[in-house]
Amino acid sequence: MGAADQGEERAVTQLDTGLIRAEQTAIDSVPTGLYIGGQWRTTAATMPVTDPATGQPLCEVADASAADGLAALDAAAAAQADWARTPPRERSDILLRAHRRLLDDIERLALIATLEMGKPLAEARGEIAYAAEFFRWFAEEAVRLDGGYMPAPGGGSRFLVTRQPVGPSLLITPWNFPMAMATRKIGPALAAGCTCVVKPAEQTPLCTLALAEILDECGVPAGVVNVVTTSDPGAVMTPLILDERSRKLSFTGSTAVGKKLLEQCARTVMRTSMELGGNAPFIVFDDADLDAAVEGALAAKMRNIGQACTAANRIFVQRGVIDQFAGRLAERMAALPRGRGTDPGVVVGPLIDADAVAKVTELVADARERGARVLTGGEPVEGPGNFYPATVLVDVPDEARMCHTEIFGPVAAVTAFDTEQEVVTRANDTPYGLVGYVFTENLRRGLRVCEALETGMVGLNQGVVSNPAAPFGGVKESGLGREGGLLGIDEFLETKYIGVQL
């Protein structure tokens, strides 16, 4: 080995050693206990947090029991009255401080997100910035809680309408956006004057634990935010849901779990927000700007390695341009660098776990058996880690399983259509209705199709619709309520009417 080679090897080794140290420092910086009543608590049991890119454990965190969960609700209930009386400006100021802290600490927090979830660092930085914006948005909404005052139509009295916090809230967040989904729920809860118990996904608890520490440092009073990590969410959360002190449940996750939670919430008629599964249609008409459509498909499909409820699940392309579109998309997908999220330039990181890889593998195999053709990818990657390559399938029949369930992976399923009415009918042929995407240069047709799609959101000539200032949510089995936007805080407020006799 020459001197130049030895020097290069030393440089690489030093770089690897430095990265390993930075990763360990980031993990070591996160509290690993339960955050209850403003205090960090240890538990007898712990659970591992695993790096999905390597399969290796990152650390152990507290594994809560049902008693721990009830202690968190005790703390939230005890703090509720004082927090509801806190002036809106004070609540706003706390959220603004937290917004700034997240941005100032973006590199550490992004690294934590990448390590526990797998997404590339560039995407993780984007998530932290997105998460911070929810705190700023709801800080601004906290001081704009309106009401009403009017004379009774028959005279003799006045109607006074005010809004009050709904009360202690249970917030259950998913693993795919561990920081942003926490702030999207915590932000409006705190702005409205609600205390909360947060249960993060067992795969990705570190972002929420880091967030709890930041909120504590920014002045959130003891008991207002409580975080419970557990490997047995049913045993821990069911008693809280059935407890009459809990007045609100906000859940992001699968439709199957959401339905079970709704049944439980019905027993106490609890307020609910449900952001559930999706089966997003992505429609490309023959007059679309194909370059923009391909870029939009990449954004809608590959954000978070395809592990998003908003991911384009069924890509419908008008027959005259399907070959051109699919060829361009396959070329772009094949060129996406794959690897550990901390590696420079990586776009396709690992899926969350081995079960996710197995599911995607089965869905692709099913589509191929039914006649779909593979343009790129299509086979799982050998370990270590939970990797699946960026994949493009064409001629995917409507009866393929991937057309009826969330793929949740980097697989683009492309199929042809002929007419506008046909594609609208096929797009709506699903129990889900979260988001759709439409690409066309014909504004009239674009608006017609956007209005005809049975979804809560539509991207017209854009592949990403999520924005803290916009109402996020679906229809049909994709959920109830809205998060973000002007409506997001309403989910945590009750309307009270006071009749005043003159």
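**Salt bridges, rings and backbone in a predicted model**

Glu107 is partly exposed, with 45% relative accessible area. On this scale, buried means under 20% relative accessible area, exposed means over 50%, and partly exposed covers the range in between, with a 1.4 Å probe and protein chains only. The model is a predicted one, in which local features need pLDDT of at least 70 and side-chain atom pairs count only at pLDDT 80 or more, while totals for chains, interfaces and linings use all residues. Residues are numbered from 1 along each chain as its sequence is written, and side-chain values use heavy atoms, with hydrogens and water left out.

The side chain of Glu107 forms a salt bridge with that of Arg125, at 3.0 Å from N to O. A salt bridge here is a side-chain nitrogen of Lys or Arg within 4 Å of a carboxyl oxygen of Asp or Glu. Side chains of opposite charge can pair when their charged atoms come close. Because Glu107 is in helix H4 (residues 106-117) and Arg125 in helix H5 (residues 121-142), the pair ties together parts that are 18 residues apart in sequence. Helices (H or I, at least four residues) and strands (E, at least two) are DSSP runs, numbered from the N terminus. Arg125 is partly exposed, at 31% relative accessibility.

In total, the structure holds 32 salt bridges. Another of them joins Arg245 and Asp243, again at 3.0 Å from N to O. Arg245 is partly exposed at 33% relative accessible area, whereas Asp243 is buried at 18%. Glu295 and Arg332 also meet through their side chains, at 2.1 Å from N to O. This pair links distant parts of the chain: Glu295 belongs to helix H10 and Arg332 to helix H11 (residues 322-334), 37 residues apart. Both ends are partly exposed, with 41% for Glu295 and 34% for Arg332. Elsewhere, salt bridges with shared partners connect Arg184, Lys185, Glu275 and Glu483 into one network.

Lys248 lies over the face of Phe492 in the corresponding way, at 5.1 Å from the ring centre.

In one of them, Tyr35 and Trp40 are tilted, with 4.8 Å centre to centre and 45° between the planes. The rings of Phe, Tyr and Trp (its six-membered ring) pair if their centres lie within 6.5 Å; planes under 30 degrees apart count as stacked, over 60 as edge-to-face and the rest as tilted. Tyr35 is buried at 3% relative accessibility, while Trp40 is partly exposed at 33%. Phe285 and Phe417 form an edge-to-face pair, 5.4 Å centre to centre and with 85° between the planes. Phe285 sits in the loop between strand E12 (280-284) and helix H10 (290-302), and Phe417 in strand E16 (residues 411-417), so the pair ties together parts that are 132 residues apart in sequence. Phe285 and Phe417 are both buried. Phe282, Tyr437 and Phe439 make up one aromatic cluster.

Strand pairing is illustrated by E3 (residues 46-50) and E4 (residues 57-62), which run antiparallel and are joined by five bridges. Two strands pair if DSSP finds at least two bridges between them. Val49 has Cys59 in E4 as its bridge partner. E3 and E4 form a hairpin with six residues between them, and Gly55 in the turn has a positive phi of about 80°.

Most residues other than glycine have a negative phi, and most peptide bonds are trans. Phe408, in the loop between E15 and E16, has a positive phi near 55°. Lys476 also has a positive phi, of about 55°; Lys476 lies in strand E20 (residues 475-476) and is partly exposed at 37%. The bond between Gly383 and Pro384 is a cis peptide bond, with omega about 5°. Pro384 is in the loop between strand E14 (373-376) and strand E15 (391-394).

Note on methods
Lys NZ or Arg CZ within 6 Å of the ring centre and 35° of its normal.
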